[in-house]
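Colleague: I'd like a close look at one part of this protein, the stretch of helix packing and the residues around it. Could you walk me through what you see there?

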Amino acid sequence: MLAFGDSITNGGGELQWGVALQSWSMWVARALGLPFTNYAQDGARVEDVVGCQIPALERRSAVPGTRFHLGCLYIGVNDVRASDWHARSFEVNFRSALDYLTLRSDRVLTVTAPLDLGRPRAGVKVQELNAIVDATAQELGALVLDLRHFGARNHVM
């Protein structure tokens with residue numbers, strides 16, 4: 001299993017109730033009994049997936065062109081929380097990342113963002129983000145995990 005994304009996919013961040021967080025994608029890999037390759041980074045935005053994480057896989061892979069059973073992408077939370085959010089730019093880069101996973105993976109899973117995101121709330125930008133995730137996933141045949149109604153980071157983790 002291959003994963004790209006931000007801290008939510010990386011599993012980094014502060015303790016929750018005194019317990020170290022583990023990535024949702026690692027739990028998926030464990031549940032499916034798959035080896036886990038994770039290039040996610042804390043604080044990443046979609047440009048980091050396309051410009052850093054995918055190239056890092058290409059540079060570091062012991063077997064270039066390796067196919068994965070499952071490719072996962074959860075990105076966009078840091079993008080919509082930023083003051084420079086630009087939906088069209090996000091869409092172009094998100095499509096590129098999801099397309100890459102589609103080419104390298106038998107199945108692809110991507111994730112929507114919770115609508116009740118952050119304080120102050122990210123507002124309508126989250127709906128724009130989720131619309132991009134849904135439309136792109138449908139076009140490329142990716143599965144979508146819908147987290148729109150999740151309320152807190154610890155639930156996502």
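**A close look at the helices**

Modeller: Let's start with a side-chain pairing: glutamate 139 makes a polar contact with the side chain of arginine 95 through its own side chain, at 2.9 Å. Keep in mind that this is a predicted model. Glutamate 139 sits in helix H6, which covers residues 124-140. With a relative accessible area of 55%, glutamate 139 counts as exposed, because the cut-off for that is over 50%. There is also aspartate 99 to look at: it lies 40 residues from glutamate 139 along the chain, yet their C-alpha atoms are separated by 10.0 Å.

Stay in H6 and go to alanine 137, which belongs to that helix too. Here the relative accessible area is 1%, so alanine 137 is buried, the limit being under 20%. Leaving out residues up to four places away in sequence, alanine 137 touches Leu98, Thr110, Ala142 and Val144.

Helix H3 runs over residues 46-60 and helix H5 over residues 87-104; they pack at an angle of about 25°, and their axes are 8 Å apart. That angle is under 35 degrees, so H3 is roughly parallel to H5. The crossing of the two is left-handed. Sorted by class, the contact of H3 with H5 has nine nonpolar, three polar and three charged residues.

One more spot is worth a visit, over in helix H2 (residues 24-32), where you'll find serine 25. Serine 25 has 0% relative accessibility, so it counts as buried. What does its side chain make a polar contact with? One partner is the side chain of serine 23, at 2.5 Å. The side chain of serine 25 also reaches the backbone oxygen of threonine 9, at 3.4 Å. Threonine 9 turns up again among the residues that serine 25 touches, along with Met1, Ala3, Phe36 and Asn38, once residues up to four places away in sequence are set aside.

Note on methods
Residues are numbered from 1 along each chain as its sequence is written. This is a predicted model: local features need pLDDT of at least 70, side-chain atom pairs count only at pLDDT 80 or more; totals for chains, interfaces and linings use all residues. Side-chain values use heavy atoms; hydrogens and water are left out. Axes are lines fitted to C-alpha atoms, for helices over the stretch in contact, and angles run from 0 to 180 degrees between N-to-C directions. Helices (H or I, at least four residues) and strands (E, at least two) are DSSP runs, numbered from the N terminus. Angles under 35 degrees count as roughly parallel, over 145 as roughly antiparallel, 65 to 115 as roughly perpendicular and the rest as oblique. A crossing is left-handed if the near helix is turned anticlockwise from the far one by less than a right angle, and right-handed if clockwise. Ala, Val, Leu, Ile, Met, Phe, Trp, Tyr, Cys and Pro count as nonpolar, Asp, Glu, Lys and Arg as charged, and the others, Gly among them, as polar. Buried means under 20% relative accessible area, exposed over 50%, partly exposed in between (1.4 Å probe, protein chains only). A polar contact is a pair of N or O atoms within 3.5 Å; within protein, one must be able to donate a hydrogen and the other to accept it, and residues adjacent in sequence count only if both atoms are side-chain atoms. Contact means heavy atoms within 4.5 Å.
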